[in-house]
Amino acid sequence: MPFWMGWIGGYTALGSRVLIMALAAISLNFLLGFTGVLSFGHAAYFGLGAYGVGMTIKYLTPSTPLGILVGVAVGTAAAAVIGALIVKLRGVYFAMATIAFGQVFYFIAFRWNAVTGGDDGLSGWHRMPIDLGFRTIDILGNDKIFYYLVLICFVVAIAIMAALLRSPFGRTLLAIRENERRARFLGISIERHIWLSFMISCVFVSLAGTLYALLNNFADPHGLHWSQSGDFVIMTVLGGMRSLWGPLLGAAIFVVLQDYISSRTENWMSFIGLLFILVVLFFPRGVLGIIRGKENS
């Protein structure tokens with residue numbers, strides 16, 4: 001991607017952003033598309049990952065790998081606690097509960113000016129080169145090298161999620177999605193599996209948050225806001241739920257259109273909203289469903 005993005009008017013950082021947002025959307029789809037549970041609060045863990053890596057580098061130690069680990073650990077710990085509290089809820093009640101908890105983190109980041117920077121965001125830090133002992137990888141001064149770091153994280157995360165979905169655990173999640181009552185009659189622990197699915201999903205969306213903060217060398221409260229969760233849902237539905245790769249297409253379309261249209265008009269959300277409505281009305285299986293339909297015909 002870094003070698004041909006310039007030919008179509010793009011840039012390397014845009015490719016990194018596509019992968020990061022695709023990872024976040026695929027992580028949400030692990031819960032939404034394969035477990036059948038809608039969350040509008042995944043931005044909370046995305047933002048916690050971002051603040052985790054930023055605050056680690058700024059206040060603790062200038063280490064990018066440690067910052068990523070701390071960011072993912074913070075997001076995962078929060079998801080484990082919150083998931084245990086809301087796992088018995090279903091439908092719109094589960095979605096609203098995720099929004100409520102997510103907004104709690106948003107207002108903490110928004111108001112805690114001394115630590116998080118408040119509305120101005122957490123600045124005054126940047127991603128650090130990775131020291132391997134025998135070699136230093138300059139992810140700060142070389143956008144292409146940072147892109148490949150993002151790509152490696154993306155591939156590893158997708159491989160883990162794909163392996164989980166092919167396992168008996170993943171088949172159980174599909175059973176819960178298709179018929180929760182029947183799965184319960186079969187003796188499946190519904191709440192435990194939904195909690196695990198929620199937590200696994202948040203592990204990888206937290207990873208996406210750390211990479212997004214490293215990309216921008218910045219973290220701000222918007223990353224925790226429910227509207228960011230809405231963007232993840234749009235990417236997932238736009239590309240196609242119930243498919244591992246659908247959200248990747250959705251994220252690519254969303255991010256590239258956002259970058260292109262926002263540079264020409266402030267009303268870019270109207271165009272993306274119109275596209276989303278058209279897809280939902282006429283192509284409920286998303287862009288990937290359109291492609292597969294043409295292949296089958």
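Cys153 has a relative accessibility of 18% and therefore counts as buried, where buried means under 20% relative accessible area, exposed over 50% and partly exposed in between (1.4 Å probe, protein chains only). The model is a predicted one, in which local features need pLDDT of at least 70, side-chain atom pairs count only at pLDDT 80 or more, and totals for chains, interfaces and linings use all residues. Residues are numbered from 1 along each chain as its sequence is written, and side-chain values use heavy atoms, with hydrogens and water left out.

With a disulfide taken as a pair of cysteine sulfur atoms within 2.5 Å, the count is zero. Cys153 takes part in no disulfide, as the nearest cysteine sulfur, that of Cys202, lies 18 Å away. Cys202 is buried too, with a relative accessible area of 0%.

Helix H9 covers residues 190-216; helices (H or I, at least four residues) and strands (E, at least two) are DSSP runs, numbered from the N terminus. The expected span of a helix is 1.5 Å times one less than its number of residues, and for the 27 residues of H9 this gives 39 Å, in agreement with the 39 Å between its end C-alpha atoms. Of these 27 residues, 20 are buried, so H9 is largely enclosed by the rest of the structure. Asn217, which follows H9, has a positive phi near 50°.

The largest nonpolar core has 80 residues, and Leu23, Tyr45, Leu207, Leu211 and Phe232 touch the most other members. Such a core is a set of buried Ala, Val, Leu, Ile, Met, Phe, Trp, Tyr and Cys residues joined through side-chain atoms within 4.5 Å. Beyond its neighbours within four places in sequence, Leu207 is in contact (heavy atoms within 4.5 Å) with Leu23, Ile68, Val72, Cys153 and Ala157.

Turning to charged side chains, the structure holds eight salt bridges, each a side-chain nitrogen of Lys or Arg within 4 Å of a carboxyl oxygen of Asp or Glu. One of them joins Arg17 and Asp259, whose closest N and O atoms are 3.4 Å apart. This pair links distant parts of the chain, with Arg17 in helix H1 and Asp259 in helix H11 (residues 246-262), 242 residues apart. Arg17 is buried at 15% relative accessibility, whereas Asp259 is partly exposed at 23%. Another bridge connects Glu178 with Arg242, at 3.7 Å between the closest N and O atoms. Glu178 lies in helix H7 (residues 168-178) and Arg242 in the loop between helix H10 (226-239) and H11, so this pair ties together parts 64 residues apart in sequence. Both residues, Glu178 and Arg242, are exposed. A further bridge brings the closest N and O atoms of Arg184 and Glu191 to 3.1 Å. Shared partners join Arg90, Glu180, Arg184 and Glu191 into one network of salt bridges.

Aromatic pairs number seven; rings of Phe, Tyr and Trp (its six-membered ring) pair if their centres lie within 6.5 Å, and planes under 30 degrees apart count as stacked, over 60 as edge-to-face and the rest as tilted. Phe46 and Phe232 are edge-to-face, at 5.2 Å centre to centre and 65° between the planes. Because Phe46 lies in helix H2 (residues 42-60) and Phe232 in helix H10, the pair ties together parts 186 residues apart in sequence. Phe46 is buried at 1% relative accessibility, as is Phe232 at 0%. Ring pairs also link Tyr45, Phe94 and Phe198 into a cluster.
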